[in-house]
Amino acid sequence: MSMAILTDLTRCIGCEACVWACKEINELPKENDGGKLDSTTWTTLRRYQGIHIRQQCMHCLNPTCVSVCPVAALEKTKEGPVIYHENRCMGCRYCILACPFEIPKYEWDNNLPKVQKCIMCYIKRISRGQQPACTSVCPTGATQFGNRDELINVARRRIEKNKDRYVDHIYGVQEAGGTSVLYLSDIPFHKLGFKKALNDDTYPKLTWQVLSKIPNVVSVGSVLMLGIWWVIKRRMILEEQDLKEFEQKETMDDQPGK
């Protein structure tokens with residue numbers, strides 16, 4: 001069963017309960033995010049003329065980030081969320097370049113950087129039969145969790161019953177081939193900064209149409225990237241060992257009688 005999140009921007013009061021719930025469950029720094037996604041903020045609220053716009057990973061039905069990752073560090077789960085396996089990641093950042101929504105962020109200030117993004121609380125909550133932390137704390141029902149098809153029907157009924165209130169469009173039903181995060185709004189989405197020039201077909205299909213024509217380049221490139229990753233990883237491990245040995249030597253030298 002494919003699950004999804006429906007965010008109705010007309011119901012959001014800007015309390016940021018979703019933002020802080022995300023930070024708490026993922027043990028992220030509690031500092032103010034300034035309305036932008038980064039490696040320590042996986043969901044945020046932007047503001048436009050009094051409208052509160054929640055932003056997070058769109059969890060595409062057929063994600064490009066998964067299709068371009070050469071080591072399967074990103075995975076599309078059967079429940080809907082796109083999750084990240086940091087132990088597999090080699091830091092190539094293809095996912096960052098490929099994402100049509102510009103969501104994944106890189107830990108540039110970390111010695112062992114990871115790609116960071118919303119995983120829809122998959123490990124700590126969804127896999128245990130619970131809803132994501134962000135949707136569980138929303139006081140107005142502006143953001144809801146449930147079966148994707150059912151949420152689409154909910155959204156369509158709202159539009160039908162309130163034609164003078166909503167834009168006649170559910171963002172995420174078709175964009176980039178469809179996503180597991182959906183939006184309703186009373187203002188055209190492109191005016192709110194949502195990506196407009198997106199292909200309705202899945203981006204991985206377009207990716208493989210190109211890659212299939214250059215198999216040798218892809219193979220060589222993958223081997224080269226794995227080689228670079230191995231060298232960098234080894235250097236980092238050796239540097240860490242040298243640092244530990246240096247600190248141990250300093251500690252011994254500072255002891256009395258040494």
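Colleague: Is histidine 85 buried or exposed?
Modeller: This is a predicted model. Buried means under 20% relative accessible area. Histidine 85 has 18% relative accessibility, so this residue counts as buried.

Colleague: With which side chain does the side chain of histidine 85 make a polar contact?
Modeller: Leaving aside neighbours within four places in sequence, histidine 85 is in contact with Ala72, Ala73 and Glu75. A polar contact at 2.7 Å links the side chain of histidine 85 to the side chain of glutamate 75.

Colleague: In strand 9, which residue is the bridge partner of aspartate 8?
Modeller: Strand 1 spans residues 3–8 and runs parallel to strand 9, with four bridges joining them. Strand 9 spans residues 181–184, and both its faces are covered. Val181 and Tyr183 are buried on one side, Leu182 and Leu184 on the other. The bridge partner of aspartate 8 is leucine 184.

Colleague: How many residues of the lining of the largest cavity are charged?
Modeller: The whole structure has five cavities of 30 Å³ or more, and the largest holds about 120 Å³ of space. Its lining is made up of 15 residues, with Cys12, Cys15, Cys18, Cys138 and Ala142 nearest the centre. By class, nine of the lining residues are nonpolar and four are polar, while the number of charged residues is two.

Note on methods
Residues numbered from 1 in each chain as written. Predicted model: local features only at pLDDT ≥ 70, side-chain atom pairs only at ≥ 80, totals over all residues. Heavy atoms only, no water. Buried < 20%, exposed > 50% of the residue type's maximum accessible area, 1.4 Å probe, protein only. Polar contact = N/O pair within 3.5 Å; in protein donor to acceptor, adjacent residues only side chain to side chain. Contact = heavy atoms within 4.5 Å. 1 Å grid on protein atoms, 1.4 Å probe; cavity = no way out; pocket = protein on both sides within 12 Å on 5 of 7 lines; lining within 4 Å. Points joined across faces, edges and corners; volume = space filled by probe spheres on them. Nonpolar A, V, L, I, M, F, W, Y, C, P; charged D, E, K, R; others polar. Helix = DSSP H or I, 4+ residues; strand = E, 2+ residues; numbered from the N terminus. Pairing = 2+ DSSP bridges.
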